[in-house]
Amino acid sequence: MTAAQQMPASEIRHDWTRQQVLDLFALPFNDLLFTAQQVHRMHFDANRVQVSTLCSIKTGACPEDCAYCPQSARYDTGLEREKLMEVEKVLEEARAAKAGGATRFCMGAAWRSPKKKDMPYVTQMVREVKALGLETCMTLGMLKDEQAAELAEAGLDYYNHNLDTSPEYYGEIITTRTYQDRLETLDRVRAAGMKVCAGGIVGMGEGEKDRAGLLMQLANLPEHPESVPINMLVKVAGTPLETEEDLDPFEFIRCIAVARIMMPKSHVRLSAGREEMSDEMQSLAFLAGANSIFYGEKLLTTANPETNEDMQLFARLGIQPEEYRQYADDAELEADLNAQVSEQQNAPYFYDAAK
Ligand code: SF4
(Lines give C-alpha, C1' and ligand atoms only; values in the text may rest on other atoms or scores of the structure.)
Protein backbone atom coordinates (compact mmCIF):
# COMPACT_ATOMS: atom_id res chain seq x y z
CA MET A 1 0.00 0.00 0.00
CA THR A 2 1.37 3.43 -0.89
CA ALA A 3 1.73 6.28 1.57
CA ALA A 4 -1.12 8.02 -0.26
CA GLN A 5 -3.51 5.14 0.34
CA GLN A 6 -2.56 4.95 4.01
CA MET A 7 -3.11 8.61 4.68
CA PRO A 8 -6.19 9.67 6.64
CA ALA A 9 -7.36 11.94 3.89
CA SER A 10 -9.68 14.40 5.55
CA GLU A 11 -8.20 15.19 8.91
CA ILE A 12 -7.97 18.87 9.93
CA ARG A 13 -4.52 19.20 11.45
CA HIS A 14 -2.37 22.01 12.75
CA ASP A 15 0.69 19.99 13.70
CA TRP A 16 2.42 19.23 10.42
CA THR A 17 6.14 18.61 10.50
CA ARG A 18 8.36 19.59 7.59
CA GLN A 19 9.19 15.95 6.94
CA GLN A 20 5.52 14.99 6.68
CA VAL A 21 4.97 17.74 4.15
CA LEU A 22 8.07 16.75 2.19
CA ASP A 23 6.79 13.17 2.18
CA LEU A 24 3.62 14.38 0.49
CA PHE A 25 5.65 16.30 -2.09
CA ALA A 26 7.68 13.13 -2.72
CA LEU A 27 4.66 10.93 -3.54
CA PRO A 28 4.40 9.64 -7.07
CA PHE A 29 2.48 12.31 -9.00
CA ASN A 30 -0.55 10.11 -9.62
CA ASP A 31 -0.82 9.09 -5.95
CA LEU A 32 -0.54 12.70 -4.86
CA LEU A 33 -3.24 13.88 -7.24
CA PHE A 34 -5.50 10.98 -6.36
CA THR A 35 -5.19 11.73 -2.64
CA ALA A 36 -5.78 15.44 -3.20
CA GLN A 37 -8.87 14.71 -5.29
CA GLN A 38 -10.19 12.37 -2.57
CA VAL A 39 -9.81 15.09 0.05
CA HIS A 40 -11.32 17.67 -2.26
CA ARG A 41 -14.45 15.62 -2.86
CA MET A 42 -15.02 15.13 0.84
CA HIS A 43 -15.49 18.85 1.36
CA PHE A 44 -16.41 20.45 -1.93
CA ASP A 45 -18.38 19.96 -5.07
CA ALA A 46 -15.46 19.08 -7.34
CA ASN A 47 -17.09 20.77 -10.32
CA ARG A 48 -17.49 24.21 -8.81
CA VAL A 49 -14.91 26.96 -8.72
CA GLN A 50 -15.22 30.23 -6.85
CA VAL A 51 -14.50 33.32 -8.93
CA SER A 52 -13.05 36.55 -7.59
CA THR A 53 -12.11 39.73 -9.38
CA LEU A 54 -9.20 41.86 -8.36
CA CYS A 55 -9.19 45.63 -8.49
CA SER A 56 -6.12 47.71 -7.75
CA ILE A 57 -7.46 50.67 -5.76
CA LYS A 58 -4.02 52.25 -5.35
CA THR A 59 -1.20 51.30 -7.67
CA GLY A 60 2.58 51.52 -7.36
CA ALA A 61 4.94 53.69 -5.28
CA CYS A 62 4.99 51.15 -2.46
CA PRO A 63 7.87 51.68 0.01
CA GLU A 64 8.35 47.92 0.58
CA ASP A 65 11.01 45.91 -1.26
CA CYS A 66 9.23 42.64 -2.15
CA ALA A 67 11.58 41.30 -4.85
CA TYR A 68 8.77 40.01 -7.09
CA CYS A 69 6.62 43.11 -7.06
CA PRO A 70 6.39 45.70 -9.84
CA GLN A 71 4.57 48.02 -7.44
CA SER A 72 7.62 48.59 -5.26
CA ALA A 73 8.96 52.13 -5.67
CA ARG A 74 12.46 50.67 -5.51
CA TYR A 75 12.32 48.99 -8.92
CA ASP A 76 11.98 50.63 -12.29
CA THR A 77 9.29 48.56 -13.97
CA GLY A 78 7.60 51.32 -15.93
CA LEU A 79 4.39 50.79 -13.95
CA GLU A 80 2.13 53.81 -13.95
CA ARG A 81 1.42 54.97 -10.42
CA GLU A 82 -2.11 55.78 -9.43
CA LYS A 83 -3.39 57.35 -6.25
CA LEU A 84 -6.27 55.94 -4.22
CA MET A 85 -9.19 55.38 -6.57
CA GLU A 86 -12.40 57.28 -6.00
CA VAL A 87 -15.17 55.25 -4.40
CA GLU A 88 -17.50 55.74 -7.38
CA LYS A 89 -14.87 54.35 -9.77
CA VAL A 90 -14.36 51.30 -7.53
CA LEU A 91 -18.11 50.71 -7.56
CA GLU A 92 -18.17 50.92 -11.35
CA GLU A 93 -15.55 48.17 -11.50
CA ALA A 94 -17.39 46.11 -8.89
CA ARG A 95 -20.61 46.28 -10.90
CA ALA A 96 -18.75 45.13 -14.02
CA ALA A 97 -17.15 42.28 -12.05
CA LYS A 98 -20.53 41.13 -10.80
CA ALA A 99 -22.02 41.31 -14.28
CA GLY A 100 -19.10 39.16 -15.47
CA GLY A 101 -19.88 36.41 -12.94
CA ALA A 102 -17.55 37.24 -10.03
CA THR A 103 -18.91 36.67 -6.53
CA ARG A 104 -16.05 38.25 -4.62
CA PHE A 105 -14.45 41.61 -5.23
CA CYS A 106 -10.91 42.02 -3.95
CA MET A 107 -9.53 45.51 -3.53
CA GLY A 108 -5.77 45.87 -3.27
CA ALA A 109 -3.68 48.91 -2.34
CA ALA A 110 0.10 49.06 -2.64
CA TRP A 111 0.79 50.29 0.88
CA ARG A 112 3.08 49.24 3.70
CA SER A 113 -0.03 49.77 5.83
CA PRO A 114 -3.07 52.02 5.49
CA LYS A 115 -2.89 55.53 6.96
CA LYS A 116 -5.50 56.95 9.27
CA LYS A 117 -6.72 59.33 6.53
CA ASP A 118 -7.31 56.38 4.15
CA MET A 119 -9.57 54.41 6.45
CA PRO A 120 -12.85 56.35 5.84
CA TYR A 121 -12.46 55.77 2.08
CA VAL A 122 -11.64 52.09 2.27
CA THR A 123 -14.41 51.38 4.76
CA GLN A 124 -16.87 53.21 2.51
CA MET A 125 -15.70 51.03 -0.40
CA VAL A 126 -16.37 47.91 1.67
CA ARG A 127 -19.87 49.05 2.64
CA GLU A 128 -20.87 50.03 -0.87
CA VAL A 129 -19.37 47.02 -2.67
CA LYS A 130 -21.10 44.75 -0.18
CA ALA A 131 -24.38 46.53 -0.82
CA LEU A 132 -24.06 45.42 -4.47
CA GLY A 133 -24.31 41.81 -3.27
CA LEU A 134 -20.64 40.93 -3.61
CA GLU A 135 -18.37 39.39 -1.02
CA THR A 136 -15.58 41.79 -0.16
CA CYS A 137 -11.86 41.26 0.28
CA MET A 138 -9.09 43.78 0.82
CA THR A 139 -5.34 43.70 0.85
CA LEU A 140 -3.87 46.91 2.25
CA GLY A 141 -0.64 45.78 3.93
CA MET A 142 -0.02 45.46 7.64
CA LEU A 143 -2.91 46.33 9.96
CA LYS A 144 -3.10 47.65 13.49
CA ASP A 145 -5.72 46.28 15.86
CA GLU A 146 -7.99 49.29 15.44
CA GLN A 147 -7.76 49.18 11.64
CA ALA A 148 -8.70 45.51 11.59
CA ALA A 149 -11.64 46.34 13.85
CA GLU A 150 -12.75 49.20 11.57
CA LEU A 151 -12.66 46.99 8.49
CA ALA A 152 -14.57 44.24 10.25
CA GLU A 153 -17.11 46.76 11.45
CA ALA A 154 -17.61 47.96 7.86
CA GLY A 155 -18.45 44.34 6.97
CA LEU A 156 -15.25 43.25 5.21
CA ASP A 157 -15.50 39.50 4.64
CA TYR A 158 -11.87 38.59 3.84
CA TYR A 159 -8.49 40.18 4.41
CA ASN A 160 -5.61 39.04 2.23
CA HIS A 161 -2.10 39.05 3.60
CA ASN A 162 0.31 36.51 2.16
CA LEU A 163 3.20 34.85 3.92
CA ASP A 164 4.92 34.67 0.52
CA THR A 165 7.40 31.86 1.27
CA SER A 166 8.99 29.87 4.11
CA PRO A 167 10.41 31.75 7.12
CA GLU A 168 13.89 30.49 6.09
CA TYR A 169 13.76 31.88 2.54
CA TYR A 170 11.81 35.02 3.39
CA GLY A 171 14.91 37.22 3.90
CA GLU A 172 15.93 36.61 0.27
CA ILE A 173 12.70 38.17 -0.90
CA ILE A 174 11.73 40.96 1.53
CA THR A 175 13.75 42.94 4.04
CA THR A 176 11.39 45.77 4.95
CA ARG A 177 8.99 43.76 7.09
CA THR A 178 9.47 40.56 9.02
CA TYR A 179 7.72 37.22 8.88
CA GLN A 180 6.54 37.91 12.39
CA ASP A 181 4.95 41.21 11.23
CA ARG A 182 2.96 39.20 8.74
CA LEU A 183 1.85 36.62 11.27
CA GLU A 184 0.75 39.41 13.60
CA THR A 185 -1.41 41.00 10.91
CA LEU A 186 -3.04 37.61 10.28
CA ASP A 187 -3.70 37.31 14.03
CA ARG A 188 -5.32 40.74 14.08
CA VAL A 189 -7.54 39.89 11.12
CA ARG A 190 -8.74 36.74 12.90
CA ALA A 191 -9.18 38.50 16.21
CA ALA A 192 -11.38 41.10 14.50
CA GLY A 193 -13.58 38.28 13.16
CA MET A 194 -12.75 38.46 9.46
CA LYS A 195 -11.90 35.54 7.23
CA VAL A 196 -8.28 35.07 6.25
CA CYS A 197 -6.87 34.85 2.75
CA ALA A 198 -3.18 33.92 2.98
CA GLY A 199 -0.86 32.06 0.68
CA GLY A 200 2.37 32.59 -1.15
CA ILE A 201 4.36 32.62 -4.34
CA VAL A 202 6.35 29.78 -5.80
CA GLY A 203 9.07 29.90 -8.44
CA MET A 204 11.07 32.61 -6.67
CA GLY A 205 14.23 30.48 -6.54
CA GLU A 206 13.17 28.72 -3.35
CA GLY A 207 13.61 24.97 -2.85
CA GLU A 208 10.98 22.32 -2.25
CA LYS A 209 11.70 22.51 1.47
CA ASP A 210 10.67 26.18 1.33
CA ARG A 211 7.46 25.40 -0.49
CA ALA A 212 6.83 22.78 2.19
CA GLY A 213 7.76 25.35 4.85
CA LEU A 214 5.25 27.87 3.48
CA LEU A 215 2.41 25.33 3.47
CA MET A 216 3.41 24.14 6.93
CA GLN A 217 3.18 27.70 8.28
CA LEU A 218 -0.26 28.19 6.73
CA ALA A 219 -1.66 24.83 7.84
CA ASN A 220 -0.25 25.16 11.35
CA LEU A 221 -1.96 28.51 11.99
CA PRO A 222 -4.55 28.17 14.78
CA GLU A 223 -7.22 28.16 12.04
CA HIS A 224 -6.59 27.38 8.39
CA PRO A 225 -7.00 30.40 6.12
CA GLU A 226 -10.37 30.13 4.39
CA SER A 227 -8.63 31.09 1.17
CA VAL A 228 -5.12 30.00 0.16
CA PRO A 229 -3.77 31.68 -2.98
CA ILE A 230 -0.89 29.84 -4.59
CA ASN A 231 0.80 32.18 -7.00
CA MET A 232 3.33 31.32 -9.68
CA LEU A 233 5.96 34.03 -9.95
CA VAL A 234 5.31 36.45 -12.79
CA LYS A 235 8.76 37.62 -13.79
CA VAL A 236 8.42 41.35 -14.30
CA ALA A 237 11.25 43.19 -16.04
CA GLY A 238 12.91 45.59 -13.63
CA THR A 239 12.29 43.49 -10.50
CA PRO A 240 15.16 41.53 -8.91
CA LEU A 241 13.46 38.25 -9.87
CA GLU A 242 13.08 39.02 -13.56
CA THR A 243 15.65 36.40 -14.62
CA GLU A 244 14.65 33.70 -12.14
CA GLU A 245 14.59 30.18 -13.58
CA ASP A 246 11.19 28.72 -14.43
CA LEU A 247 9.70 26.34 -11.91
CA ASP A 248 8.78 22.90 -13.26
CA PRO A 249 5.01 23.16 -13.84
CA PHE A 250 4.51 19.76 -12.16
CA GLU A 251 6.10 21.17 -9.03
CA PHE A 252 3.47 23.91 -9.06
CA ILE A 253 0.71 21.31 -9.37
CA ARG A 254 2.27 19.35 -6.51
CA CYS A 255 2.12 22.47 -4.40
CA ILE A 256 -1.61 22.87 -5.10
CA ALA A 257 -2.24 19.21 -4.27
CA VAL A 258 -0.27 19.35 -1.02
CA ALA A 259 -2.11 22.55 -0.01
CA ARG A 260 -5.43 20.80 -0.70
CA ILE A 261 -4.47 17.79 1.45
CA MET A 262 -3.14 19.91 4.32
CA MET A 263 -6.02 22.42 4.34
CA PRO A 264 -8.99 20.29 3.29
CA LYS A 265 -11.72 22.86 3.86
CA SER A 266 -9.95 25.91 2.44
CA HIS A 267 -10.47 27.32 -1.01
CA VAL A 268 -7.14 26.89 -2.79
CA ARG A 269 -6.80 29.67 -5.32
CA LEU A 270 -4.98 29.89 -8.61
CA SER A 271 -3.82 33.47 -8.62
CA ALA A 272 -0.95 35.34 -10.22
CA GLY A 273 0.71 33.49 -13.05
CA ARG A 274 -2.51 31.85 -14.20
CA GLU A 275 -2.63 33.86 -17.40
CA GLU A 276 0.64 32.25 -18.46
CA MET A 277 -0.65 28.72 -17.79
CA SER A 278 -2.06 26.55 -20.53
CA ASP A 279 -5.64 25.30 -20.28
CA GLU A 280 -4.22 21.82 -19.63
CA MET A 281 -2.14 23.03 -16.71
CA GLN A 282 -5.09 24.88 -15.19
CA SER A 283 -7.21 21.74 -15.56
CA LEU A 284 -4.54 19.75 -13.76
CA ALA A 285 -4.57 22.36 -10.99
CA PHE A 286 -8.36 21.92 -10.63
CA LEU A 287 -7.83 18.16 -10.47
CA ALA A 288 -5.24 18.74 -7.75
CA GLY A 289 -7.85 20.61 -5.71
CA ALA A 290 -7.68 24.25 -6.74
CA ASN A 291 -11.21 25.63 -6.51
CA SER A 292 -10.93 29.37 -6.75
CA ILE A 293 -9.58 31.69 -9.42
CA PHE A 294 -9.03 35.35 -10.01
CA TYR A 295 -10.52 36.62 -13.17
CA GLY A 296 -8.05 38.75 -15.07
CA GLU A 297 -8.66 42.48 -15.03
CA LYS A 298 -9.43 42.23 -18.74
CA LEU A 299 -12.76 40.77 -17.79
CA LEU A 300 -13.83 44.18 -16.60
CA THR A 301 -13.89 45.47 -20.14
CA THR A 302 -15.40 42.34 -21.67
CA ALA A 303 -19.05 42.95 -22.43
CA ASN A 304 -20.03 39.34 -22.88
CA PRO A 305 -18.70 36.85 -20.36
CA GLU A 306 -19.46 33.95 -22.73
CA THR A 307 -16.58 35.16 -24.86
CA ASN A 308 -14.25 35.16 -21.89
CA GLU A 309 -11.56 32.50 -22.05
CA ASP A 310 -12.07 31.48 -18.43
CA MET A 311 -15.74 30.82 -18.98
CA GLN A 312 -14.92 28.87 -22.11
CA LEU A 313 -12.51 26.71 -20.15
CA PHE A 314 -15.13 26.19 -17.42
CA ALA A 315 -17.63 25.11 -20.07
CA ARG A 316 -15.15 22.69 -21.64
CA LEU A 317 -14.49 21.14 -18.23
CA GLY A 318 -18.10 21.14 -17.05
CA ILE A 319 -17.21 23.49 -14.19
CA GLN A 320 -19.76 25.89 -12.75
CA PRO A 321 -18.83 29.11 -10.96
CA GLU A 322 -19.62 28.82 -7.25
CA GLU A 323 -22.57 30.92 -6.19
CA TYR A 324 -22.31 33.49 -3.44
CA ARG A 325 -24.66 32.51 -0.67
CA GLN A 326 -24.98 34.35 2.60
CA TYR A 327 -25.21 32.19 5.70
CA ALA A 328 -26.55 33.08 9.12
CA ASP A 329 -23.70 31.20 10.80
CA ASP A 330 -21.02 28.54 10.33
CA ALA A 331 -23.50 25.74 11.05
CA GLU A 332 -25.66 26.84 8.12
CA LEU A 333 -22.59 27.01 5.86
CA GLU A 334 -21.51 23.51 6.98
CA ALA A 335 -25.01 22.14 6.34
CA ASP A 336 -25.01 23.61 2.83
CA LEU A 337 -21.57 22.18 2.04
CA ASN A 338 -22.66 18.76 3.31
CA ALA A 339 -25.78 18.95 1.14
CA GLN A 340 -23.64 19.78 -1.91
CA VAL A 341 -21.26 16.89 -1.18
CA SER A 342 -24.10 14.41 -0.69
CA GLU A 343 -25.76 15.60 -3.89
CA GLN A 344 -22.48 14.80 -5.58
CA GLN A 345 -22.51 11.31 -4.09
CA ASN A 346 -25.51 10.50 -6.24
CA ALA A 347 -23.72 11.54 -9.39
CA PRO A 348 -22.82 8.70 -11.78
CA TYR A 349 -19.08 9.28 -11.53
CA PHE A 350 -18.88 9.59 -7.77
CA TYR A 351 -16.19 7.47 -6.18
CA ASP A 352 -16.46 7.19 -2.43
CA ALA A 353 -12.87 7.71 -1.49
CA ALA A 354 -13.65 7.44 2.23
CA LYS A 355 -14.52 3.74 1.97
S1 SF4 B 1 3.91 45.39 0.07
FE2 SF4 B 1 2.60 44.65 -1.56
S3 SF4 B 1 2.54 46.31 -3.05
FE4 SF4 B 1 4.24 46.73 -1.68
S5 SF4 B 1 6.04 45.89 -2.72
FE6 SF4 B 1 5.27 44.28 -1.33
S7 SF4 B 1 3.82 43.07 -2.56
FE8 SF4 B 1 4.22 45.00 -3.67
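Me: An axis here is a line fitted to C-alpha atoms, for a helix over the stretch in contact, and an angle is taken between N-to-C directions, from 0 to 180 degrees. At roughly what angle do the axes of helix H8 and H9 cross?

Reply: This is a predicted model, and two packed helices are in general described by the angle between their axes and the distance between the axes. For helix H8, which covers residues 208–219, and H9, the axes come within 10 Å. Angles under 35 degrees count as roughly parallel, and H8 and H9 are therefore roughly parallel to each other. The angle at which the axes of H8 and H9 cross is roughly 25°.

Me: Which residues of H8 make the contact?

Reply: H8 passes H9 in a right-handed crossing, and on the H9 side the contact is made by Cys255, Val258, Ala259 and Met262. By class, the contact of H8 with H9 has six nonpolar, no polar and one charged residues. The residues that H8 brings to the contact are Arg211, Leu215 and Ala219.

Me: Which residues does leucine 215 touch, not counting residues up to four places away in sequence?

Reply: Leucine 215 also belongs to the largest nonpolar core, where Leu215, Ile256 and Ala259 touch the most other members. Once residues up to four places away in sequence are left out, the residues that leucine 215 touches are Val21, Val258, Ala259 and Met262.

Me: Which helix gives the largest share of this core?

Reply: The largest nonpolar core has 90 residues, and the helix with the largest share of this core gives nine of them. That helix runs over residues 249–262 and is H9.

Me: How many nonpolar residues does the contact of H2 with H8 have?

Reply: Helix H2, residues 18–25, packs with H8 at an angle of about 120°, with the axes 9 Å apart, and H2 passes H8 in a right-handed crossing. From H2 the contact takes Arg18, Val21, Leu22 and Phe25, and from H8 it takes Glu208, Lys209, Ala212, Gly213, Leu215 and Met216. By class, the contact of H2 with H8 has one polar residue and three charged residues, while the number of nonpolar residues is six.

Me: Is glutamate 150 buried, partly exposed or exposed?

Reply: Glutamate 150 lies in helix H6, and, leaving aside neighbours within four places in sequence, glutamate 150 is in contact with Met119 and Thr123. A residue needs 20 or more other C-beta atoms within 10 Å to be buried and 12 or fewer to be exposed. Because glutamate 150 has 19 other C-beta atoms within 10 Å, its class is partly exposed.

Me: What distance separates the C-alpha atoms of valine 39 and lysine 265?

Reply: Valine 39 has its place in helix H3, residues 29–43, and counts as buried because there are 24 C-beta neighbours inside 10 Å. Along the chain, valine 39 and lysine 265 are 226 residues apart, but their C-alpha atoms are separated by 8.9 Å.

Me: What is the phi of aspartate 164, roughly?

Reply: Most residues other than glycine have a negative phi. Aspartate 164 is found in the loop between strand E4 (158–160) and helix H7 (179–191), and with 24 C-beta neighbours inside 10 Å it counts as buried. Although aspartate 164 is not a glycine, its phi is positive, at about 75°.

Methods: Residues numbered from 1 in each chain as written. Predicted model: local features only at pLDDT ≥ 70, side-chain atom pairs only at ≥ 80, totals over all residues. Helix = DSSP H or I, 4+ residues; strand = E, 2+ residues; numbered from the N terminus. Core = buried A, V, L, I, M, F, W, Y, C linked by C-beta atoms within 7 Å. Contact = placed C-beta atoms within 7 Å. Parallel < 35°, antiparallel > 145°, perpendicular 65-115°, else oblique. Left-handed = near helix turned anticlockwise from the far one by under 90°. Nonpolar A, V, L, I, M, F, W, Y, C, P; charged D, E, K, R; others polar.
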